[in-house]
There are 2 protein chains.
Amino acid sequence: MRDPITVTILGSGAAVPTPKRNTSAQVLSVNQVPYLIDCGEGTQTQMMRFGVKQSRITAIFISHHHGDHILGLYGMLSSYNLSNRTKPLHIYAPSEVHRFFVLQKDFFGEVFNYDIVFHPISFKGVKEIYEDKRIRVTSLPLKHKVGCCGFLFEEKEKEPNINKDAIETYELSISDIKRIKDGEDHILEDGRVIPNAKLVTQAQVPRKYVYCTDTAPVIDKYDVVKGVDLLYHEATFDCKQNLLAKKTGHSTSVQASEIAKSVDAKRLLIGHFSSRYKEVSPLVAEAKELFPNVEAVKDGGVYTIE
Amino acid sequence: MRDPITVTILGSGAAVPTPKRNTSAQVLSVNQVPYLIDCGEGTQTQMMRFGVKQSRITAIFISHHHGDHILGLYGMLSSYNLSNRTKPLHIYAPSEVHRFFVLQKDFFGEVFNYDIVFHPISFKGVKEIYEDKRIRVTSLPLKHKVGCCGFLFEEKEKEPNINKDAIETYELSISDIKRIKDGEDHILEDGRVIPNAKLVTQAQVPRKYVYCTDTAPVIDKYDVVKGVDLLYHEATFDCKQNLLAKKTGHSTSVQASEIAKSVDAKRLLIGHFSSRYKEVSPLVAEAKELFPNVEAVKDGGVYTIE
């Protein structure tokens with residue numbers, strides 16, 4: 001059974017929260033390890049409400065320094081501190097987010113008893129910014145009123161599995177196995193060649209998730225997002241608000257569907273809805289015409305990459 | 001029927017929020033006009049959840065500049081701005097709260113399209129800081145790690161009502177009525193004196209509410225709180241944590257009950273519970289021994305002054 005990858009939505013609204021939608025935040029969970037993306041006001045409470053294991057988070061990714069994406073950060077870091085966290089925390093964010101943290105830390109005169117390491121992200125081109133044994137994260141510069149990045153989360157490619165039968169039949173040594181995993185054929189003492197494909201089972205194709213807000217529709221220019229399994233794209237407005245979207249550096253749901261189609265996404269989630277929409281089903285309907293596999297996220301919703 | 005006065009609890013937890021308790025905030029509602037007191041992270045969302053008419057708020061009272069009492073302020077003010085508020089907003093708070101607002105406003109470069117007027121409160125003695133046609137608010141310096149004030153909210157004394165019968169019987173003029181409302185007797189043309197008490201029905205006694213957190217138990221030194229109808233007093237700890245309470249500038253639930261008894265409060269609400277307590281019923285039980293009319297508040301709870 002393959003490790004599950006899920007996205008838990010903590011906030012699916014735009015700048016102003018509504019009774020149903022908090023401001024932006026979500027958790028990508030890879031094999032039950034949570035990665036936090038953006039941190040609007042109330043994110044720590046949303047995590048408790050939706051069962052996210054907060055203390056396990058060691059990496060946070062922030063798209064940009066607007067309030068609806070960062071006003072929950074200080075309170076969360078402070079709660080970690082008061083809860084005697086010792087594990088370091090790494091934050092990948094535009095440098096302005098660091099500046100905002102320092103302003104608040106200095107104001108409160110708080111001494112943090114765990115390491116908070118800010119890693120500034122660049123708005124110039126696609127950059128790999130993070131990797132651990134499970135995933136690799138790439139920043140994708142977006143087009144908004146201030147410097148802003150989307151993020152591509154990619155599962156790491158796994159080595160092929162050597163077939164157990166092959167190990168026994170050919171009495172493979174550890175160095176044989178290493179060579180075969182690297183793709184080589186196996187040559188027997190009598191000179192016979194056993195093709196690599198007969199010795200291994202290829203690991204499953206790594207899965208990809210893209211988080212993309214706040215932005216005009218631009219990420220189809222990045223080759224790395226092609227064929228993404230799950231694309232979260234903002235859809236702040238409906239298609240009648242095209243000009244407003246352009247003016248404010250946002251997208252309509254139709255533009256989100258165009259992007260999904262253009263990058264050959266397998267599935268599209270839309271969110272970051274303006275508080276003017278009490279019902280977002282019209283936005284979904286508009287997007288569906290071009291890209292049928294689309295869904296509006298809701299706070300507390302959990303979306304799985306199959 | 002008398003106008004209702006209610007307190008709606010938005011956050012009843014101490015520094016770290018829990019799944020059930022947000023950080024400090026509450027709304028006092030006098031004749032359906034809401035006054036916000038403190039503004040922990042997520043206060044704007046709590047107000048939506050618990051049906052507070054946010055847009056009607058024109059006066060906010062902040063006790064002190066610790067994060068769990070102010071981290072929700074900027075987001076709320078910003079949401080008002082994005083929702084095209086024009087009505088001015090008055091904030092009665094220690095000057096540090098203003099400084100924190102300015103830091104954030106400068107950081108975000110936000111231009112507010114409505115007036116936000118900060119009124120600094122003093123930590124030296126009891127001061128009347130606010131009045132409108134319904135209430136009068138007095139700040140009560142507390143004893144915490146930083147400058148902090150509690151607040152006494154007093155309904156204004158109403159004029160007595162002239163009895164309708166008297167108006168008809170004695171053909172009272174407007175100037176007669178004014179004199180009688182000021183307490184004078186009425187003298188008829190033939191010299192007979194009609195005593196004031198026969199002409200008027202006294203208005204009901206004004207009600208009082210006191211909000212008191214974060215603090216060591218000190219407010220019994222203020223005469224103005226004597227006989228308060230409803231006292232909200234912090235009870236961060238149980239009585240075994242007496243030393244910790246003293247060290248951190250907080251109170252135990254027993255100390256809250258001592259204060260309630262000492263000031264002759266009619267009813268006591270306790271809150272601002274440390275996140276260590278999953279259940280606060282032991283804290284209530286401890287307080288009840290000395291002061292039976294005590295209750296632990298909960299988020300979303302509405303408490304009425306009868």
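**A loop and its surroundings**

B:Asp214 sits in the loop of chain B that runs between strand E14 (208–212) and strand E15 (230–234). Helices and strands here are DSSP runs numbered from the N terminus, with helices (H or I) needing at least four residues and strands (E) at least two. Before going on, please keep in mind that this is a predicted model, in which local features need pLDDT of at least 70, side-chain atom pairs count only at pLDDT 80 or more, and totals for chains, interfaces and linings use all residues. Residues are numbered from 1 along each chain as its sequence is written, chains are lettered from A and ligands numbered from 1 in the order in which they are written, and side-chain values use heavy atoms, leaving out hydrogens and water.

Back to the loop. The peptide bond leading from B:Thr213 into B:Asp214 is cis, with omega near -5 degrees. Chain A has a cis peptide bond between A:Thr213 and A:Asp214, where omega is about 0 degrees. A:Asp214 belongs to the loop between strand E14 (208–212) and strand E15 (230–234) of chain A. Another backbone detail to look at is A:Gln32, a residue other than glycine whose phi is positive, near 70 degrees. You can find A:Gln32 in the loop between strand E2 (25–30) and strand E3 (33–37) of chain A. For background, most residues other than glycine have a negative phi, and most peptide bonds are trans.

Chain A and chain B each bring 31 residues to the contact, where contact means heavy atoms within 4.5 Å. About 2500 Å² is buried between the chains, 68% of it from carbon and sulfur atoms; buried area is the accessible area (1.4 Å probe) that two parts lose on being put together, summed over both. In chain A, the residues losing the most area to chain B are A:Glu41, A:Phe107 and A:Phe108, which together make up 28% of what that side buries. Helices H1 (43–49), H2 (67–70), H3 (73–82) and H4 (95–108) of chain A each give at least two residues to the side that touches chain B. H4(A) supplies the largest share of that side, 7 residues.

What about charge? The interface of chain A and chain B has 0 salt bridges, a salt bridge being a side-chain nitrogen of Lys or Arg within 4 Å of a carboxyl oxygen of Asp or Glu. Over all chains, the structure holds 26 salt bridges. One pair is B:Glu96 with B:Arg99, whose closest N and O atoms are 3.0 Å apart. Both lie in helix H4 (residues 95–108) of chain B, 3 residues apart, about one turn of the helix.
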